[in-house]
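Hi,

Here is the structure I promised to pass on.

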Amino acid sequence: MQSPLETSRIVLQDACRRADQYLDEIGMRRVAPSPESRSKLSAFDAPMPHEPGDPASTIALLDEVGSPATTATVGGRFFGLVVGGTLPAPLGARALASAWDQIVFNDVTSPVGTKLEKVASKWVLDILGLPETSSVGFVTGATMANFTCLAAARNTLLERQGWDVGKMGLWGAPPVRIVASRQVHVTVLKALRLLGFGTDRIEWVDCDTQGRLIAEQLPDCDDKTLILTQAGNVNSGACDPVADIVAKANGAWVHVDGAFGLWAAASPRLKSQLLGYEAADSWTTDGHKWLNTPYDCGIAICRHPTAIHNAMATQASYLEIGGDVAPKDMVPEFSRGARGVEVWAALHSLGKAGVADLIDRSCALARRFAAGLQDCGFEILNDVVLNQVVATLPDAEELSTDIARLVQESGEAWFGPTTWNGREAIRISVASWATVEADVDRTLRAIKKAVSDLN
Ligand SMILES: Cc1ncc(COP(=O)(O)O)c(C=O)c1O
């Protein structure tokens with residue numbers, strides 16, 4: 001009779017063999033799964049079994065029915081949203097850490113998880129050029145990172161007015177002014193809704209044609225104001241002029257949503273786009289986008305660790321273990337997995353030069369896309385300053401959605417439509433370490449074919 005953990009080892013070996021085959025075949029697979037693979041997902045629509053079964057057969061079903069119905073985001077030809085692949089070291093770290101099954105709660109539940117998160121935190125601050133005493137919290141994504149930073153901002157701005165929101169809630173609270181770029185990402189608005197601010201009272205600031213907040217149009221601010229900016233517009237990739245914004249902030253809390261764009265700071269060639277961003281109060285970024293860690297991994301960074309701690313800490317007599325600040329007291333989650341281990345693995349395996357190369361390479365591939373699209377008659381609607389390309393056919397903008405659909409259906413690549421400055425367009429985001437020039441060229445051929453099929 002097998003011991004319980006012997007069974008785990010056998011199942012894990014089988015799962016690794018299947019995962020290996022999946023990665024081996026990814027280049028030959030369609031990017032969006034075929035309609036047939038999707039329809040076979042109905043095999044999962046079975047009643048829940050009454051009796052335990054063989055775990056190996058659970059994994060076999062998962063692989064045989066599930067793997068063909070994945071979207072091949074780990075390959076090099078997924079250009080939708082802003083989606084990274086998974087670098088080798090973080091992928092291996094994920095597999096090993098899955099066997100560890102650590103709860104990175106505090107130093108007692110995971111000495112290694114806590115240690116690696118501390119090291120990864122230092123390295124993240126170093127490579128992004130942010131103040132070394134900032135707090136770093138590993139959360140599920142930029143959405144939660146925005147939420148975490150803005151919770152700290154809310155509490156601080158209310159505390160400055162003598163209001164303890166942790167105790168008194170928002171009933172009767174003094175107002176907090178919120179000033180935001182018109183191009184702020186939808187997840188920042190979601191964070192505002194979750195934090196009880198809503199969106200009606202936002203004072204919007206216009207942006208230029210690249211989607212950068214126009215600093216001259218900022219209203220007069222004070223130390224009871226929250227200013228929402230971004231590094232890396234989700235369409236154009238443009239970064240707000242944070243230095244100018246901070247200069248006009250007059251004590252306001254400045255937040256930078258740099259879900260992907262903050263990684264431009266790791267490239268000596270691109271860092272100038274983020275001039276002065278290190279003077280902000282809080283920053284959001286993602287591991288799972290441009291750093292290419294596995295999903296899910298967002299990073300909440302704050303110049304004021306005590307503000308994060310005051311917003312996030314939980315106390316109970318049974319929790320008073322370990323002397324240091326516990327990871328659980330710096331993020332919304334209580335129990336959570338070892339996300340920081342994957343960030344550590346990415347940074348350890350790439351080094352500073354490797355991260356810079358990853359960022360520069362994506363931008364070079366975006367420029368290759370732009371040049372190739374121009375050759376096919378497209379107009380490029382944004383300055384391709386980072387990894388984003390927005391393009392349209394000047395005389396047939398209305399074809400954008402159909403072009404994206406036909407390419408998606410072909411299985412050759414995946415990108416989506418968008419609207420930019422009132423114009424219909426296609427939107428391409430290069431964020432995967434796995435993308436090479438041949439992937440761009442193959443996608444361009446698919447676009448050319450879609451255009452000719454539509455004419
Ligand atoms: C600027 C920006 N902020 C926030 C997000 C949300 O990130 P996540 O999906 O990791 O929560 C995105 C996603 O593309 C983004 O581009």
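**Two helix pairs**

In α1, Thr 7, Val 11, Asp 14, Ala 15 and Arg 18 meet Pro 55, Ala 56, Ile 59 and Asp 63 of α3. Contact here is C-beta atoms, placed from the backbone, within 7 Å; helices are DSSP runs (H or I, at least four residues) numbered from the N terminus. By class, this contact has five nonpolar, one polar and three charged residues (nonpolar: Ala, Val, Leu, Ile, Met, Phe, Trp, Tyr, Cys and Pro; charged: Asp, Glu, Lys and Arg; polar: the others, Gly among them).

Before the angles, the provenance. This is a predicted model, where local features need pLDDT of at least 70, side-chain atom pairs count only at pLDDT 80 or more, and totals for chains, interfaces and linings use all residues. Residues are numbered from 1 along each chain as its sequence is written.

Helix α1 (residues 4-25) and helix α3 (residues 55-66) have axes that come within 10 Å and cross at roughly 15° (axes are lines fitted to C-alpha atoms over the stretch in contact, with angles from 0 to 180 degrees between N-to-C directions). That makes α1 roughly parallel to α3 (angles under 35 degrees).

The other pair is α12 (residues 400-410) and α13 (residues 437-454), whose axes come within 9 Å and cross at roughly 120°. On the α12 side, Asp 402, Ile 403, Leu 406, Val 407 and Ser 410 meet α13 residues including Ala 446, Ile 447 and Leu 454. The residues of that contact divide into eight nonpolar, one polar and two charged.

Cheers

Notes. Parallel < 35°, antiparallel > 145°, perpendicular 65-115°, else oblique.
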